[in-house]
Amino acid sequence: MNVVAALIAVIGMVILVWLGVGVLKLYTLFGVVIPYAAFLTFLIGLVYRMVNWAKSPVPFKITTTCGQQKSLPWIRHSRLESPATNFEVFLRMALEVLAFRSLFRNLRADLRGRKLYYGSSKWLWLGAILFHWSFFIILVRHLRLFSYPVPGPIDLLDKVDSFFHIGLPHLYLTDVAILAGLTFLLLRRLVDAKVNYISHASDYFPLFLIFGLVISGMLMRYFFRVDITSVKELTMGLVTLHPKVPTGIGLIFYVHVFFISVLVAYFPFSKLVHMVGVFFSPTRNLPNDNRRVRHINPWWENVPPKFLTYCEWQEKFKEQLESAGQPIDEDCYKEKKES
Amino acid sequence: MALPKPDELLRDVNYDRMPAKHWMDTKPEFRPGAYCYAGKPSVVEELGLPFPREWQPHDEDWKLPPNWKEIVLNAIKDRAERFRSFKLFMDICVRCGACADKCHFFLGTGDPKNMPVLRAELLRSVVKGEFTRSGKLFGRLAGARKLTEDVIKEWFYYYYQCTECRRCSVFCPYGIDTAEITILAREILHEIGVNINWILEPVRNSAFIGNHIGLQPHTIQENIEFLLMDIEEITGLKIEVPINKKGAEILFVTPSADFFAEPGIYTFMGYVLLFHYLGLDYTISTYASEGGNFGFFTTHEMMRKLHAKIYHEAERLKVKWILGGECGHMWRVVHQYEDTMCGPAPSNLEVPKSPITGTVFEHAKSTKIVHICEFTADLIAHGKLQLDPSRNDNYVVTFHDSCNTSRGMGIFEEPRFILRHVVNNFYEMPENTIREKTFCCGSGSGLNTDEYMEIRMRGGFPRANAVEYVHEKYGVNMLACICAIDRAVLPPLMNYWVPEVQVCGVHELVGNALVIPGEKKRTTDLRFQPLKGVEEEENV
């Protein structure tokens, strides 16, 4: 049900583009208006999201410590797993964001009879790394459509990505990698009973959407060649804010553009915000220096705690204290007289 | 209901078989052994918490206040405004499932709603369904639903089936911390009078008497005197424990279970022997007589109310710094909350400095509270303790990292360093079950009540399973830990799964090994068990 709904949504988009561009010839709407609107939604939505998170304070320093704390000088603390300084936090975050450190820890538990076994399980990590890094490189590679002349590094990236010179045009490694990553992530959601059980349609939807995006892109490059000069004319027009719509670009290009538009517009309002959210995560982005540096909670800063004071307690248990020979604090009475 | 035998308990558990029904359509079953009793009206009332009334979770009607829904929705909004963690964790989960089989309750029950991702989703779905347009529009497709009374019952069942151990947050690629979600969910439930007695009664006792079971000042003293008599019988040493002594250098705060409950009392005897050996100028307090803090399992405000007494007492007694005993959640509170909620520390406190070694505990320079394992490890490293580990030769020891001190503090090496010096036989459990990947005892966060025994035995199963492994492989018969809840709940857990294994605190073993000037030749350990070799000698 969830899978079908998500798939229908994505197929519906193809039909929509076919109707809009193929039948109704709304080139400007699909080539200019929708991309601009989507990009604006992305920017505004993302800023709104980040401001919204930032508006809520971090009342406590709740670092998840995954390694030895910094305590006695002769005990080596874990700089990456229990960072003691902001620089070490930076390293921990870098490893988390760039290398998916926590996913790399993943284990699998198996119950046989009444015995539990744990095995290393790095497939999820591998699938996630393949997918995310390929996506990132592909995005950067696309900058050559938005720049003139194309900067050297982007040209170089292009050359490296198509290094093996397979087929013509040369096959990009990242195209293969992202397909592999996506396929794994999708299959995992379908096949693994636990992950399947927790998946919503909104978990399948972005997967299908990105699948569509990648496949339409690859079809354009390797099979139904589109006129790259016209495409660049359009993209350069978009980026220089002088949009014009050249004729004769294939329908498939508009499908591709529509997919990316929907993806970026959907981004800030969905789980995809994890990309920026991870930077805000208080269990990861704070140092484990709680006893060394006081953390301030803004909503408690000028609110003193309410509790049973010693003197109130002493009054209550005076008899017991006296009979047990425990000292009575005379200061309690002094203070009373003074005040 | 009698507990099934260990071989039968997990018969129906299968991690790869999920219910046919969607999780939004299944309801928890409040059967004996699987839920905790509701807070007694008198206790709820005395604490000033809302809606005291007679009710039980197995009742059809929970007698919620008429405007319960409004209260809950406002509470959610309020928490989102005050806790970035909550807001963020509701937004960014991608349901990758890395956490799914990391939770001890999932591993022991196979219940999908014990997967941390679904535990969070129980609340997330309501946040989406009640507060977001897409959730209202797409409903279940977007993982959204409306808040109903059944949802409240489900929250109660599963947020009191999470021990806030944070194991899932180690594996989550975004560090989503279910403990944080559970803490806030419980806080929200308190606002409509949904609570459990096993947490609230200790909170009441701590707030108005001083400690969990409500030991009054003279009773604490009597208990300690009783333990000192045992010490005298074992070592021949006459020792005194200073109580409420003004001007002492150090205030020692430990969980109150160490005063009265086995095997915590042996740990307490260990502390006392160590302090005597050192000639330490310290005092305990019968007012701030609880290191543990069940307020942490209630609300942030309640945690603060209970914990504020420690600094208050340190100020009154004019001590220089505070030493904390072996306790799990006490140390999460001390390490991650104390300075923020009760600080800055009173001005009479100084940066802690060991009077024996001169070591300045720079890492605690703001809170001024040092963990006893840090203190003792420093002593051993400086060669200040004469130790005879052979006195622990009856024991083959392994070490259980407590959740809170592991993932909410990071104290891994200190207790191990001590253990390697006080025992001859020490073996680690498998690496995926210790340190930051350690498993909960299954009864943490205030769930250590007898009526909850079935779930406790299930939740503790992964821990027990790892102990069983080292028991079979190395003959381990002693499970050392640095947590009072562990000391209370691991014995029944071991008794159920691995009956040959006993439980102790690290400082009990220190107390056994410590060679104290003026003591008589010891023939038994602190449990009055004959030392290895002694019996044979006497028989010759």
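Domain bounds come from an automatic or database domain assignment. On that basis, chain A is divided into domain 1, residues 2-306, and domain 2, residues 307-339. The C-alpha centres of these two domains of chain A lie 62 Å apart.

The structure is a predicted model, in which local features need pLDDT of at least 70 and side-chain atom pairs count only at pLDDT 80 or more, while totals for chains, interfaces and linings use all residues. Residues are numbered from 1 along each chain as its sequence is written, chains are lettered from A and ligands numbered from 1 in the order in which they are written, and side-chain values use heavy atoms, with hydrogens and water left out.

The model scores ipTM 0.95 and pTM 0.96. For chain B, the mean pLDDT (the predictor's confidence in each residue, from 0 to 100) is 96, and 99% of the residues reach 70 or more.

Chain B contains 24 helices and 7 strands; these are DSSP runs, numbered from the N terminus, with helices (H or I) of at least four residues and strands (E) of at least two. Its radius of gyration is 24 Å, close to the 24 Å that the globule rule gives for 540 residues, so chain B is as compact as a globular protein of that length. This radius is taken over C-alpha atoms, and the rule is 2.2 Å times the number of residues to the power 0.38.

| Property of chain B | Value |
|---|---|
| Span of the C-alpha trace along its principal axes | about 80 × 50 × 40 Å |
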